[in-house]
Amino acid sequence: MTSARKLDLKVYAGLILFGIITPILFPNYTSQVAVMWLMVLMAVTWDMTGGQMGYNSLGNVIFFGLGMYASAVVQISMFADVAKYTASFGAMYVEFTEVQYFTGLSLGIVVGGIVATLFALLIGPFMLGLRGPYFAIGTLGLAVAVAELIAGWGYVGAGSGISMPVYPGVAGESTFVWYILLGVTALLAHLFVRWLYSTQFGLAMNAIRDDEDKAEAMGIRTTRYKVLTWAASAFFLGMGGAIFGNMSGFIEPLEVAFPTATFGIFMVAMALLGGKGTLWGPVLGAILFHIVKEATWTYLLGWQWVALGAIIIINIVYFQQGILGWAQDKWPAAFGLTVDRGPEDQPTGDTRPEAAE
Amino acid sequence: MNSSQPQIEVKSVSKSYGGVVANKDISIRVPHGRITGLIGPNGSGKTTLFNSIVGYHPIDSGSITFEGQEISTLRVPDIARLGMLRTFQQTRIYKKMNCVQNMIISVSHRDEGFSGIFKQAKDRETEQQAEELLNFVGLYQKRNLISGDLSFGQQKLLEFAMALMNKPKVLLLDEPTAGINPTLINGLIDRLKRANEEFGITLFVIEHNMRVIMNLAEEISCLSHGELLATGSPDELQNDQRVIDAYLGAH
């Protein structure tokens with residue numbers, strides 16, 4: 001087993017242990033930490049296109065919001081008429097039995113992921129033809145447009161939103177359910193990207209990031225990789241949105257489902273802070289960012305946006321490679337960037353002396 | 001396949017950028033398994049011709065065939081997957097990846113199936129092949145370094161090794177020795193010849209260094225002001241008054 005693999009396993013073990021202990025020791029912080037897992041999920045999925053593939057999306061909240069809405073529609077439509085339900089602005093109370101509720105929820109989460117994925121597959125070939133800042137602006141515009149379209153669509157409650165089905169169990173218990181679901185989804189997403197980055201697919205993503213024209217000149221099917229990567233990140237983000245919608249209890253297009261100015265920017269800032277294009281950077285960035293965010297909201301109220309803005313500015317101006325990127329520059333050998341010395345490193349059977357000049 | 005048929009046949013190709021005629025009615029045949037050269041003063045249209053062949057831009061008129069197949073309407077990655085690769089005058093490698101990763105992702109995508117793209121990158125056989133080729137160009141000891149940190153000459157060698165990793169049938173090299181330290185040039189000529197002989201790769205080379213191209217190529221074409229001036233053996237070209245005039249500016 002390589003040392004990198006051992007380290008990965010230790011970090012996973014540590015995070016899982018932290019995830020189990022926190023709600024037991026500090027039950028009051030459960031929902032904050034649940035949101036932290038959501039932030040991890042967002043940073044990790046954003047980094048798939050932004051960090052590993054060089055496509056900086058400012059509109060990934062589209063997938064978050066679509067997953068949320070798709071899940072809501074599925075959950076409600078199984079036992080009530082969606083149009084009537086949304087038209088009553090929450091006044092229509094539907095009593096869900098536990099079985100009904102959890103069937104709807106599970107199906108809703110999966111459908112949320114699938115709808116987000118389908119949307120990415122649909123718009124990917126067009127959007128991913130844009131490069132650099134054009135892609136960033138294009139995705140931002142798309143996110144705003146999708147939010148506006150949903151805000152004008154009466155079937156899903158338009159701008160008034162949807163009151164989500166009420167959790168049927170004991171009061172307070174639901175927080176732990178959202179905590180577990182978000183934590184597990186974040187973990188699954190990270191295990192997925194860890195596997196993906198170790199494959200030929202992962203190298204192709206990096207090649208596209210470093211020089212897309214060269215990748216094409218070498219015969220790599222760039223569009224296929226770009227669209228599939230975005231679709232995979234959409235799948236996990238869609239599921240995250242579905243869970244978060246239920247956790248919020250009430251969803252509406254601008255602040256909850258498509259928050260381009262908060263979550264939409266946070267996911268970029270978190271990946272940059274930890275080190276974009278690295279396996280653990282987005283996780284580290286998300287955890288630190290969330291801690292700072294919660295601390296400033298508690299102790300610096302009134303100045304919290306200034307503090308967050310300052311962090312982002314310092315990060316981008318002085319510290320672009322992020323924490324792990326900086327560590328890699330400082331201790332390259334620890335990341336396997338070494339020069340071999342001496343003839344014993346030559347592959348066996350090589351007898352060409354001129355080859356080593 | 002008919003052996004008298006050239007591997008690449010460029011027939012009366014013209015290409016203009018607005019009012020500038022970069023290539024005018026050019027015909028060149030690149031035979032199988034040989035080394036063919038392309039020379040000409042700066043701005044004579046050599047790189048434009050390369051770009052036309054590998055599909056960077058559409059041509060205005062004429063035809064380009066690769067092993068008998070018309071390729072002038074195909075796109076860059078499609079042509080690359082047919083087995084025709086080019087290297088760039090301004091070296092292009094994947095600068096944030098290490099040398100071995102640069103090599104591994106350069107394998108041929110010709111017969112790649114959908115499931116093949118999810119295969120582990122650290123496949124022992126591919127890695128070994130990558131290491132052998134890095135050794136071939138003298139970069140084995142630097143294989144774990146980020147490629148963007150290598151010197152320009154080393155990056156050029158890496159780009160060449162990446163092209164070999166792809167196992168192309170034809171390699172179009174745009175000034176392979178430009179910017180390379182003179183003592184390394186001999187080693188590079190040797191490797192180009194060996195790639196041609198041992199791996200059976202047809203080479204089509206743009207080169208400004210006359211010593212290099214005269215040593216390397218069996219047949220050379222010379223362009224000037226977008227037109228084909230002469231085609232012949234190195235000896236014939238060296239004694240061709242039109243070629244000498246083009247280089248010395250006797251127009």
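This is a predicted model: local features need pLDDT of at least 70, side-chain atom pairs count only at pLDDT 80 or more; totals for chains, interfaces and linings use all residues.
Six strands of chain B form an open sheet with mixed pairing, in the order E6-E7-E8-E3-E9-E10. Its edge strands are E6 and E10 (227-232), each of which pairs on one side only. From one strand to the next, the twist averages 15°.

In a regular strand, side chains alternate between the two sheet faces. Here Val170(B), Leu172(B) and Asp174(B) point one way, while Leu171(B) and Leu173(B) point the other way.

Strand E6 (residues 84-86) of chain B runs parallel to E7(B) and is joined to it by 3 bridges. Across this pairing, Leu85(B) has Leu171(B) as its bridge partner, and Arg86(B) stands opposite Leu172(B). E7(B) also pairs in the parallel sense with strand E8 (residues 202-206) of chain B, over 5 bridges. There the bridge partner of Leu171(B) is Leu203(B). The chain passes from E7(B) to E8(B) through helix H6 (residues 182-198) of chain B, in a right-handed β-α-β crossover.

## Salt bridges

Side chains of opposite charge can pair when their charged atoms come close. Over all chains, the count is 21 salt bridges.

One of them crosses between chains: Asp211(A) and Arg92(B) have their closest N and O atoms 2.8 Å apart. Asp211(A) sits in the loop between helix H8 (200-210) and helix H9 (212-217) of chain A, and Arg92(B) in the loop between E6 and helix H3 (99-104) of chain B. Asp211(A) has a relative accessibility of 12% and therefore counts as buried, under the 20% limit; Arg92(B), at 24%, is partly exposed. Both residues belong to a salt-bridge network that also includes Arg131(A), Glu212(A), Asp213(A) and Lys226(A).

Within chain B, Glu67(B) and Lys169(B) form a salt bridge at 3.3 Å, N to O. Glu67(B) lies in the loop between strands E4 (61-66) and E5 (69-70) and Lys169(B) in the loop between helix H5 (152-165) and E7 of chain B, so the pair ties together parts 102 residues apart in sequence. Glu67(B) is partly exposed at 22%, and Lys169(B) is partly exposed at 33%.

## A nonpolar patch on chain A

A nonpolar surface patch of about 830 Å² is made by Ile16(A), Leu17(A), Ile20(A), Ile21(A), Ile24(A), Leu25(A), Phe26(A) and Tyr29(A). Tyr29(A) lies in the loop between helix H1 (3-25) and helix H2 (30-50) of chain A.

Notes
Residues are numbered from 1 along each chain as its sequence is written. Chains are lettered from A and ligands numbered from 1 in the order in which they are written. Side-chain values use heavy atoms; hydrogens and water are left out. Patches are made of residues with over 30% relative accessible area and no salt bridge: like charges are joined within 9 Å, nonpolar side chains (Val, Leu, Ile, Met, Phe, Trp, Tyr) within 5 Å. Accessible areas come from the Shrake-Rupley method with a 1.4 Å probe; for residues, only the protein chains shown count as cover. A salt bridge is a side-chain nitrogen of Lys or Arg within 4 Å of a carboxyl oxygen of Asp or Glu. Helices (H or I, at least four residues) and strands (E, at least two) are DSSP runs, numbered from the N terminus. Buried means under 20% relative accessible area, exposed over 50%, partly exposed in between (1.4 Å probe, protein chains only). Two strands pair if DSSP finds at least two bridges between them. A crossover is right-handed if, with the strands pointing away from the viewer, the path from the first strand over the helix to the second runs clockwise. Axes are lines fitted to C-alpha atoms, for helices over the stretch in contact, and angles run from 0 to 180 degrees between N-to-C directions.
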